[in-house]
Amino acid sequence: MKDLANARAELARLQCRESELVQELMGVRKAVAAQKVVIDELVKARAIQHIERLPNELLAEIFLYIRGDRPNLVSVSRRWRAVIINTPGFWNEIYLDFYSSLPMLLKSHLERSRQTPLTMVLGSYDEEPLDVVIRHADRLRTLRILIPTSQILSRIFCARLPSLQYLTLRIPEDLVNLLPTIRSILYEHPGNDISHMTFPQIIAAESLEELSLKGFTFDWEFPQDNVQFPLLQRLALDINHPIPFLEALVAPKLTSICFTGGYRGEAIPRELTGIWSKLDNVTHITFALSRFKPVDREYLLFSECLCPIFRGIRHADIHVDYVPMLLDLSQTPDGQDPADYWTCLESLTIRSFTFRSLAALERSVSWFTQRRDLGRRKLHFKLMHEDQTDNLVVLNTSHTLYQTLQECCASVDVKTSQFP
């Protein structure tokens, strides 16, 4: 009996061990299956490009930087196509010429833009697509009209444009009144005489913050202090006779002004009769050069006459061609540099130096030396050249002119930059 009991006990022990081994085997098999899943996922992850791991929102942000490649992007994959179609920012720039005779495509793109602000560029007149966009006129924030057609202007400005902030406009002689909500306007007149225009006909924007005028303004006349822009902060004048406009301008918040010279052939009146204390709040002045026209001596002489009317200037940014006029003692009867009228000046930037303008650099160094000798405030000086310009002036710490500038200036910065 004892032997039988021992045999049964041994069987029970073996059966128990068998059960434990079976359970352990099942656990191992589950672990093996789970590890295979992990390996499969890792293999798949390696096969997926890094960009495909990005969430749709981040992918859309990246695509917006290369929106010009939209036709190529949508053909890469279904996911990319879906991201682009469902991102309104891809569809809120409307180049209207592209949709000529394609009104249904234009409607589809406007629907995809949802309620985002619109940018529209119009280079020719096609009534059908223009009518489609006009239905969304309340969303127009940026508008560029590149052809001087009265029919287009009357069609657009009959609509309500409550969101319009930026406008590029070539205007014919039969002008229209613009809207009071415009914040930034570039008026560019393509070579036509605008002498018969009154300024309120060009701009009627009391909330204007940024204004740029470009064109020929023969015989432009306004009553003094009659052109009022209570919120205007930045003004750029690329016109051949800016004084009549400045005499009429009232802009108490104006802080930045830019003059661009590129007009030739007629004398610029330099008799300044206005009350210029109204411009004392202007702290930034720029004398720029037209990209397409060299500045003539008449405009250089005119720039000299502008200095006394901007006595609050703290930061000046000038093209190198203006240096002989603005930093030269011989240019004023009282022996004072025109730039010396800027008694609050803190920084001076001079752009586009080359070896051909080395004399201007030497003149600048002499001017800084003179300021030091007279005990005037040391300025922060920045010398900039365009990166595509050959024969650049190279200054290093061992250069005599550089060492003199270091002694006479609060700081000296020499770098490459494109002129704006």
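Does phenylalanine 98 count as buried or exposed, and at what relative accessibility? Phenylalanine 98 counts as exposed, because its relative accessibility is 52%. The cut-offs are simple: buried means under 20% relative accessible area, exposed means over 50%, and partly exposed lies in between (1.4 Å probe, protein chains only).

Some ground rules come next. This is a predicted model, in which local features need pLDDT of at least 70 and side-chain atom pairs count only at pLDDT 80 or more, while totals for chains, interfaces and linings use all residues. Residues are numbered from 1 along each chain as its sequence is written, and side-chain values use heavy atoms, with hydrogens and water left out.

Now take the whole chain. The protein chain has 420 residues, and 43% of them count as buried. Its secondary structure comes to 13 helices and 15 strands. Helices (H or I, at least four residues) and strands (E, at least two) are DSSP runs, numbered from the N terminus. Among contacts in the chain with a separation of 6 or more, 63% join residues 24 or more positions apart. A contact means heavy atoms within 4.5 Å.

Return to phenylalanine 98. Its ring centre lies 5.1 Å from that of tyrosine 99, and the planes stand at 90°, so the pair is edge-to-face. Rings of Phe, Tyr and Trp (its six-membered ring) pair if their centres lie within 6.5 Å; planes under 30 degrees apart count as stacked, over 60 as edge-to-face and the rest as tilted. Tyrosine 99 is buried, with a relative accessible area of 3%. The structure holds 7 aromatic pairs. Phe259, Phe287, Phe310 and Tyr322 form one aromatic cluster.

Phe287 leads on to histidine 319. Leaving aside residues up to four places away in sequence, histidine 319 touches Phe287, Leu289, Arg351 and Ser352. Histidine 319 sits in strand E12 (residues 315-319). It is buried, at 7% relative accessible area.

Finally, look at two helices. Helix H12 (residues 358-373) and helix H13 (residues 400-408) have axes that come within 9 Å and cross at roughly 30°. That makes H12 roughly parallel to H13. Angles under 35 degrees count as roughly parallel, over 145 as roughly antiparallel, 65 to 115 as roughly perpendicular and the rest as oblique. Axes are lines fitted to C-alpha atoms, for helices over the stretch in contact, and angles run from 0 to 180 degrees between N-to-C directions. On the H12 side, the contact residues include Leu358, Val365 and Phe368; on the H13 side, they include Leu401 and Leu405.
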